[in-house]
Amino acid sequence: MFSQLFRLFAGRHYRKFCKQCQPRIQAIQRFEEQYQSLTDEELAAKTQEFMERHRKGESLDRLLPEAFAAVKNAARRLYGKPIVVCEHESNWDMIHYDVQLLGGIALHESKIAEMATGEGKTLVATLPLYLNSLTGKNCQLATVNDYLARRDSEWMGYLFKSLGLTVGCIQNGMNSLERQQAYACSITYGTSSEFGFDYLRDNGMTHRAEDQVQRDHYFCIVDEIDSILIDEARTPLIISGLAEEQKEAPFRELKPMVEHLVAQQTRLCNQLVEEAKNRLEANAQDEEAYALLWKVKHGMPKNRQFLRLLENGAYRKQFDKFDLELGSEVNREKRFEMKETLFFSIDEHNNQSDLSEKGRQTLYPQDPNAFVIPDLPAIFSDIEGNSSLDRESRQEQKQVAEREFVVKSERIHCLQQLLRAYSLFNRDENYVVQDGKVVIVDENTGRALPGRRWNEGLHQAVEAKENLTIEGESKTYATITIQNYFRMYEKLAGMTGTAETEAQEFFDIYKLSVMAIPTHRPCIREDRNDTIYKTRRGKYHAIIEEVKEAHGRGQPILLGTASVETSELLSRMLKHERIPHTVLNAKFHEQEANIVAAAGQKGAVTIATNMAGRGTDIRLGEGVAACGGLMVIGSERHESRRVDRQLRGRCARQGDPGVSKFFVSLEDDLMRLFAGNGPIANILDRSFKEGEVLEHPLLNRSIESAQKKIEAFNYSQRRRLLQYDDVLNRQRSIIYELRNRVLRETSSRELVFEFIEEELRRQLEGIGEEREEQALENFLYWVNVHFPIGLKRETLETLPDNRAIEHHILEAIREAYRIKAEMELSPEALPLLEQHVLLQSIDHHWQNHLTEMEELRRSVMLRGYGQKDPLNEYKNEAYHFFENLLGQIRQEVCKRIFRTATRVDYLQGMLDRLARRPLASVSDARRLAFPEERAHGNGIETREEKGLARLPQEGIVVQRALESVAQVRSLHDRSVRRNEVCPCGSGKKYKKCCGRHG
């Protein structure tokens, strides 16, 4: 009764939206009829007319009927004309249907238009893109790959250009000038990752405002929005480079040990299964047998013998009961003891593996402390408390402890990642090897992700496992999540055939509502019930028989798989049956569009992973409709209902006939891990035989229930990821705003003095109103280290309060800076120098901050064991980290602004001018500029001798440069070789300093 009531109201808001849009659609039709009498030039002139009306205050909503009519009329004028798209000739054959106008209205109103496959989403997007481009701002369409971006920009470009607009396309490998030209167009097509990376480069890496390529973030339509904003959302966009100090991690050294450990675990699990089998054959209620199977589940969950045993319904029922009882808190110690009999345990749900004490002793039998990480704070405390040690001995012992800490930490980390690589990451399932590189395969789309790497050393562990070149560790220069990038747009919309199942997530995260658009012609696809088999072997044989039968009558088949491994297995089976076919998986993604486009021809058999050529229509060949249309076969249910719907949607476009059917086995990961309750459990109780098939709508609903649980879990993961990134995103916005201010202002001197003033104020807080001796000494030292103003103790004592001290010091700094400015012969040189110092300071510390935040996020996870919320802990720590970051940037600017010049002799000239003040000589000026060197008898007294912090190495470089100024030539006078000392005065090699950003 209730289900019937819910079905009565289902889709009510969709019907309401359609009804509200009918007057607009009728107005569009009337205007389009009027425009048919216009010449091509008069129609194109409408664009400028609309722009002028908008500039005078007319809203886009008011202009919508006329603008949409102009686009539809332009499509009508193109009808039948020859066009060339991606080197292929064809004729334009599209004019907007009413449902496409409806979809265009939904997109303009910042909604997600759910439109079935073949309904012409590419053409629909032209309507809101044209309307919103009338503002003069850049409008964008983001799609899933470079080919579709190029195809759609060329294809729809005919329509836009006929209306007087310009169209650009962003492709991987373009230079900055080409990208600027593409973004300067009215409408720009590209992939989500290219748009995101351009944002990161513009705001986090460019050193000149004229090198920035993006204009604004006004309006963007995301094609296949579920794929981009959900499937790809778990992987952030990261620009990285090699870390400055490269040290090869010991993966190769540790690999043989891990291989040996995995082999021992395999033998152990095989023995446990064999023993359990013998016990169960003697007594099906033997509890010890189920304890042995429980160990195998956690030691080798995909063991073939283990899975075969659990096909027996009675065994499976007893095992599930044992597993449930053991999972209670009462049996916590027993669980731990059982896991300790293994070498390591595997957690498939969380993608983790954990060494046991037995495993640790196997790896290092002679070293019981091999996995004991030194407690550095306690060790340092003991060293400091040992009065028998002198200062040098203390320092040496600390360094020994630090080295031991680093070596052990790195070794344990590498072992852990190698263990994960061997036990959880499978070739042709989680990754493929192409051109000697490990290429990640997206678990949702089946697409290869070239250029992306797993973090925390996992990618290097997989490279070691595959005997490939281990690439060096990288350092993050800039990063942003897909979610936070697209949330920057003033208006965001999307298109897909499958959004309704994720409607709540779209609204919660992006404030986007989903609007289901009716099809132009009724969908007559036949969605058959799933057929369930006991084993994968039986399922695959049934699939081949289904393919043979359909192929025999000439019906084309699209066979969808969840992994590269399965696609290649089915390909081998089809070859054995001598059935011609094509394979589309992560190894052959370049031919994707051509392979999928031909999948509708009579007798065609196409094997494809989840991606199934999204964005490419499968048109039926001649005579195919009479054979029943395209048949879509799913080799297993996916974790997400949305992916299943995508696969089903490949057939029955525009009223064509079609059939879809999924084949499932109890050995599939979804069934094995998540669908073991309800009707599925009853099936297991029956112990149906191999080859026997089960089919019923109740089973479909049971599987969908399992999928809903996984979707909810994945959504919570994505939401949690976004909550963490929101913290970093606020910090990123502040830093990028600061950086853009540096790039876009003609002079950064005001900002330099803002930094100096704020840091001076913070340093003054340290001395307080009481002016303690040590605090005053430290403050005096800090001022004279950073600024060549010769501040003296007596001067401070004559000033009444901290405010007066601040005013006096700032005036002295400004006077010294005036002298520095006068020494720069070129008037435009100093602003460039100020900009350089600011950008170097911001970038260096921000990049280090990103690394620290990554480490922080990993470390706070452990605080959950202490009954603390890791997210709250992360927020609190991140706030302090960001405060420290801003302080480090200010300190860096204060330190470098007087130590950097376009030529070293200009710096010497500044000191000469300072020397003509009350000071006696250049050496006195140098001493006040760099007080870490003070005359003391016949030697040099350093601040280290007084127990204070030594000035960083950069501080003494200028003095050394002054002594050898004759040998130093200007940075502008010659090119500097990579291994030479950088002329900027940092003391580093040029390739690791200014040359690093060249």
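A residue is called buried under 20% relative accessible area, exposed over 50%, and partly exposed in between (1.4 Å probe, protein chains only). The model is predicted: local features need pLDDT of at least 70, side-chain atom pairs count only at pLDDT 80 or more, and totals for chains, interfaces and linings use all residues. Residues are numbered from 1 along each chain as its sequence is written, and side-chain values use heavy atoms, leaving out hydrogens and water.

**Cysteines**
- Cys185 counts as buried, because its relative accessibility is 13%.
- Cys18 is also buried, with a relative accessible area of 15%.
- A disulfide is a pair of cysteine sulfur atoms within 2.5 Å, and the count by this rule is 0.
- For Cys18, the closest cysteine sulfur is that of Cys21, at 7.0 Å, which is too far for a bond.

**Strand pairing**
- Strand 1 (residues 82–85) and strand 2 (residues 88–91) run antiparallel and are joined by 4 bridges.
- Strands are DSSP runs of E with at least two residues, and helices are runs of H or I with at least four, both numbered from the N terminus; two strands pair if DSSP finds at least two bridges between them.
- Ile83 has Ser90 in strand 2 as its bridge partner.
- The hairpin of strand 1 and strand 2 has 2 residues between the strands, and Cys86 takes a positive phi near 55° there.

**Helix 19**
- Phe405 lies in helix 19 (residues 391–423).
- Phe405 counts as partly exposed because its relative accessibility is 31%.
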